[in-house]
Amino acid sequence: MWLLRLNSRLDRSLLCFAVVLLLAPVVQAQVRDEGTRFFESNIRPVLIKHCYECHSAESGKARGGLKVDSAEALHRGGDTGPAVVPRNLQKSLLHEVLLYGEDSYQMPPKGKLPDRVIADFRKWIQMGAPDPRATEINPDVKTEIDIEKGREFWAYQPPEMPELPPKGDWSRTDIDRFVAEQRTQNGLKPVGDADAQALIRRLYFVLIGLPPSPEDMQRWMSRITLSGRSTSLDQTAVADLIDHLLEQPQYGERWGRHWMDVARFAESTGGDQNNTFLHAWRYRDWIIDAFNADMPYDQFVRTQLAGDLLPIADEREWADNIIGTGFLAVGVKLVGEEDQQKYFADLVDEQIDATTRAFLGMSVACARCHDHKFDPIPQADYYALAGVFRATETHYGLLKAQARQATTLIDLTGMGPEAGTPNLSRDEYAKLIQARDDARTTVEDAMKKIRSGENVFRGTLRRIRSDRDETEAALQAFLGNGQPRVFAMGAQDRDFALPTRLLVRGELDNPAQEVPRGLVKVLSPEGKHTLAKWTTDPAVRREKIAADLGDLSYKSTSGRLELAQWISSRNNPLTARVMVNRIWHWMFGHGIVRTVDDFGSAGDPPSHAKLLDYLAIQFMNEGWSVKKLIREIALSRTWQLASTHNDAAYSSDPGNIYLWRMNRRRLEAEAVRDAMLAVSGKLDLKRPRGTLLREAGEGNVGQNVFEPVIRGLDWDHRSVYLPRVRAVLPEILDLFDAPDAGLVAGSRDSTSSPLQSLYLMNNPWMQKQAVAMSERVSEAPGSERIRRAHQLVLSRDPTKTESEAAIAFMTRISDARMSTDDKLAAYCQALMCTAEFRSID
């Protein structure tokens, strides 16, 4: 009997549960309908009337980075955080600003809303903030690109070790054998070898970016020259000179500067509001140190893309790795953008473009709005990479009152890196506190005036807020004992990955299908381009994927570590080729692939395809060592050719594609300036501490940091340490074609203009170097001064004609108004103005 009673009770319970299940959707629909009706009646009209004018896509404005015209935008919020957090009034900033509290923003700015309306917003948030304004999702976008066919293109095929051509009588190294084969096939003959003087000067400038001193030239000439013949060279001594130069700290400064062009290194945001980066110098120094230490290039790649995620031995190593991720932080940023979502999309786009161009020689960012027009890169591939960078936080600092899109920096205090500023005394620290307090008080007084109905000029409010933020930042840069904190720009993973949708025509309000994080399909093994598949089972990933794409044993939230490992893998067909080609370009003046940043179908094909593959495989086999590859190229007979002109060869190959001679090329802007300082005796070879830019201050160029002040900053250290503010380069660098760092720049323009000549003849800095050089020359006996000047500037003795012209100039009666010292200074300046001085022969 009790069993029957129990069963009937159980039946009633099951019946009630079934009724609840059946009625739940009905109840939920009623609640949802009630919430929708409440929103449409009480919330949407208020938002349209009071908020859309400054915070909607229709108005084209997003003040404070906030839009309120969609549920997603409200939940995402603006610069200060989410505007609405369902069922949480304390975290819903929209509710806070409507209350018109004294310590918060007050919206709408024209006056407080009625209490009844504020109560409606309060009730709506407590209801869960129902909002039917959902973004319409487009149908899935399909691609017509044939990935398999795309893999047939030469650049996407794995490099294969070619068979070495016959050695022949001319070739000295394996490089020479490949070059000689191509040259012979095209009916060309090489010119003679460079003489000892030209080769030594070439090695100095190419490897360390400085001229040899007369003493260095004499010492190496005596070692390298055989049997008194300047073209018969001791290759063992040449190798010793190469090794000597590669071990100099100036090597890292020279070759690090090359990479900074690729990494678009600069010390400001550029873009709409050019705000200064006072901590970018750490990434600059990290690059220099990496080249000097001959960091393996695959490690160099991984550290710049995912250094924060790599395994470490101690805090110092982690701090150094964080600094390496400055690669992702130093690009151009439109920090004045009001729409936070658009800004974030543009930031990610810049990181995709820089990463794929720098390491892969691909223009993946061209697929943001549609499939790539020339290369097999579907639009979905772009958004697969975007998912990786959307899951990454980029830290670059800036003052909030000067930039709408300011972020934090990464604090490395106590982890080993040195500070960029000296310690403060107790009095100096107290002055910073007082300045901060005074600036805060000024802002508080202004806000009280506004609340009381008084007008405060908007420009004044912006200025005093900027002063407040600047004094606060200056104070936060030091500990309480006056010891400077150590900050760095860089990247770190978010706590969770953000879903990423393909955007039709790249438009934020036009989303299509969700795209999983992943890699470029055409470079990946079939079916192994999606990161989501890799991170589900670490054991499977290690066993099945490591063989294809390298060691993927360290899992990251964003997929950035997997991306870095994929790019730096031996099995990536582009990475080694692209870097080898860059090194060849920096050694010869043009690459085997002349479009060094574009290995796609719109770029140039390789002039020596077998040599490129040979060097790429050798590069990887030699531990990805940049120094070893430089040494191998410099010891080749091809690199040691003279730059002599030959009419017959020139008529057949005017671009010297097949390397029948060495290219005579202009020195880069930094090398020109450094060489002038070197011959004047004023060059300071010590690395400076931090950045000279701190003397100009932090903030927006044109508002509280001024262009004439930046241009006036100068010191006698090497040019790599000069302030590198976008659109405000030092004059000599600007005139002589230094890139502005807006994009990846693996190669530089080389122009000739009257402004360059006018600078060399008339600029006070040039005249100052000439005077300093003449003082050095004056230390020699009178009869030796002309010879000494030529040795300093041109690394050779003057010809008979040059000596006679110099003597005639120094003794000319018509120039009696000039003193002997003035004439000597003028002659030194004339030598520094010559094309020979500014060229590598």
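**Salt bridges, cores and a buried glutamine**

The structure, a predicted model, holds 57 salt bridges. One of them pairs the side chains of Glu668 and Arg254, with an N to O distance of 3.0 Å. Glu668 sits in the loop between strand E11 (665–666) and helix H25 (669–680), while Arg254 belongs to helix H10 (residues 249–262), so this pair ties together parts that are 414 residues apart in sequence. The two partners fall into separate accessibility classes: Glu668 is partly exposed, at a relative accessible area of 21%, whereas Arg254 counts as buried at 8%.

Arg748 is partly exposed, with a relative accessible area of 23%, and Glu670 is buried, at 6%.

Turning to the overall fold, the protein chain contains 32 helices and 12 strands, and its C-alpha atoms fill a box of roughly 120 × 70 × 45 Å along the principal axes. Of its 841 residues, 52% are buried. The chain exposes about 37,900 Å², of which carbon and sulfur atoms supply 52%.

In soluble globular proteins, nonpolar side chains tend to be buried together. In this model, the largest nonpolar core comprises 192 residues, and the members that touch the most others are Leu207, Trp259 and Met587. Beyond four places in sequence, the residues touched by Trp259 include Tyr283, Phe291, Phe359, Arg582 and Trp586. A second, separate core has 23 residues, among them Leu47, Tyr52, Phe121 and Ile125. At the surface, Leu755, Leu758 and Met761 form a nonpolar patch with about 300 Å² of accessible area together. Leu758 lies in helix H28 (residues 754–762) and is partly exposed, at 42% relative accessibility.

A polar atom of the Gln379 side chain lies 3.1 Å from the backbone oxygen of Arg368. Other contacts of Gln379, leaving aside neighbours within four places in sequence, include Val141, His370, Asp371, Leu502 and Arg505.

Note on methods: Residues are numbered from 1 along each chain as its sequence is written. This is a predicted model: local features need pLDDT of at least 70, side-chain atom pairs count only at pLDDT 80 or more; totals for chains, interfaces and linings use all residues. Side-chain values use heavy atoms; hydrogens and water are left out. A nonpolar core is a set of buried Ala, Val, Leu, Ile, Met, Phe, Trp, Tyr and Cys residues joined through side-chain atoms within 4.5 Å. Buried means under 20% relative accessible area, exposed over 50%, partly exposed in between (1.4 Å probe, protein chains only). Contact means heavy atoms within 4.5 Å. Patches are made of residues with over 30% relative accessible area and no salt bridge: like charges are joined within 9 Å, nonpolar side chains (Val, Leu, Ile, Met, Phe, Trp, Tyr) within 5 Å. Accessible areas come from the Shrake-Rupley method with a 1.4 Å probe; for residues, only the protein chains shown count as cover. A salt bridge is a side-chain nitrogen of Lys or Arg within 4 Å of a carboxyl oxygen of Asp or Glu. Helices (H or I, at least four residues) and strands (E, at least two) are DSSP runs, numbered from the N terminus. A polar contact is a pair of N or O atoms within 3.5 Å; within protein, one must be able to donate a hydrogen and the other to accept it, and residues adjacent in sequence count only if both atoms are side-chain atoms.
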